[in-house]
Amino acid sequence: MRVVGYVREFSDRSHGGSIFAQSERIRRWTSEQGYQLLAMCQDVRSPSGEPRDEGFRALLEIVGAGHADAVVVPSLEAFSSDLLIQEVILQDLRDRGVRVISTTDTDVEVLADARADPARMLIRDVLARRTEYERSVSTPAPRHNQAATTSDDVVIELIPVQSA
């Protein structure tokens, strides 16, 4: 399996470890699994301490080009410490056709079954319903005052009302 690793520098290093430690954890894990690590994308903080997202953007480009089968993170917190943001990112990556794998045991359970966490289950349900809604309204409606042709070759023409 071809995988891409993703790590992020935390403001509190004890929280997720250094970028180097996170990267090594992913390298070791992929080696043990026999997976091919294509790239390690990382986001470091700017000198002012603000988080950056160039690494995540690079990850999306690699995934979008179809080069990876999965994304491996040391923990889901690499995406964000916010549960809602995590779930949005997970949904986005799944929609792009890749698996998300965490090297943290508790995350493995969450990724396999959202029922373990009712908050995640609710977020996933809302995201699924939004996706359904977007699909249902994705068919463009005909513009006013223009003829429209349907698949049954029915022509609809709007005629302006004559003023008296």
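Arg-2 counts as partly exposed, at 29% relative accessibility, where partly exposed lies between buried (under 20% relative accessible area) and exposed (over 50%), judged with a 1.4 Å probe on protein chains only. Before going further, note that this is a predicted model, in which local features need pLDDT of at least 70 and side-chain atom pairs count only at pLDDT 80 or more, while totals for chains, interfaces and linings use all residues. Residues are numbered from 1 along each chain as its sequence is written, and side-chain values use heavy atoms, with hydrogens and water left out.

**The chain as a whole**

Let's start with the layout. The protein chain holds 6 helices and 6 strands, and along the sequence they come in the pattern β-α-α-β-α-β-α-β-α-α-β-β. Helices (H or I, at least four residues) and strands (E, at least two) are DSSP runs, numbered from the N terminus. The chain has 164 residues, of which 35% are buried. Its accessible surface is about 10,800 Å², with 51% of that belonging to carbon and sulfur atoms; the areas come from the Shrake-Rupley method with a 1.4 Å probe, and for residues only the protein chains shown count as cover. Among contacts with a separation of 6 or more, 64% are between residues 24 or more positions apart, a contact being heavy atoms within 4.5 Å.

**Salt bridges**

A salt bridge is a side-chain nitrogen of Lys or Arg within 4 Å of a carboxyl oxygen of Asp or Glu, and the whole structure contains 9 of them.

| Pair | N to O distance |
|---|---|
| Arg-2 and Asp-69 | 3.2 Å |
| Glu-24 and Arg-27 | 3.5 Å |
| Arg-130 and Glu-134 | 2.8 Å |

The side chains of Arg-2 and Asp-69 meet in a salt bridge. This pair ties together distant parts of the chain, 67 residues apart: Arg-2 sits in strand β1 (residues 2-8), and Asp-69 in the loop between α3 (54-64) and β3 (70-73). Asp-69 is partly exposed, at 32% relative accessibility.

Glu-24 and Arg-27 belong to helix α2 (residues 19-33); they are 3 residues apart, so about one helical turn separates them. Glu-24 is partly exposed at 30% relative accessibility, and Arg-27 is partly exposed with a relative accessible area of 37%.

Arg-130 and Glu-134 are 4 residues apart in helix α6 (residues 118-136), so they too are separated by about one helical turn. Arg-130 is exposed, with a relative accessible area of 53%, whereas Glu-134 is partly exposed at 37%.

**The nonpolar cores**

In soluble globular proteins, nonpolar side chains tend to be buried together. A nonpolar core here is a set of buried Ala, Val, Leu, Ile, Met, Phe, Trp, Tyr and Cys residues joined through side-chain atoms within 4.5 Å. The largest such core has 21 residues, and those touching the most other members are Tyr-6, Leu-59, Val-71, Leu-76, Phe-79 and Leu-93. At least two residues of this core come from each of β1, α3, β3, α4 (83-95) and α5 (105-112), and α3 gives the most, with 5 residues.

**Helix α6 and its cover**

Within α6, Arg-120, Ile-123, Arg-124, Leu-127 and Thr-131 are buried. These residues lie on the same side of α6, because they cover an arc of only 100° around the axis, the arc being that of the directions from the helix axis to the C-beta atoms. On the other side, Pro-118, Leu-122, Arg-129, Glu-132, Tyr-133 and Ser-136 are exposed.

What covers the buried residues of α6? The cover includes α4 and α5. Gln-91, found in helix α4, touches Leu-127 and Thr-131, not counting residues up to four places away in sequence. Gln-91 and Arg-124 are 33 residues apart in sequence, with their C-alpha atoms 7.9 Å apart in space.
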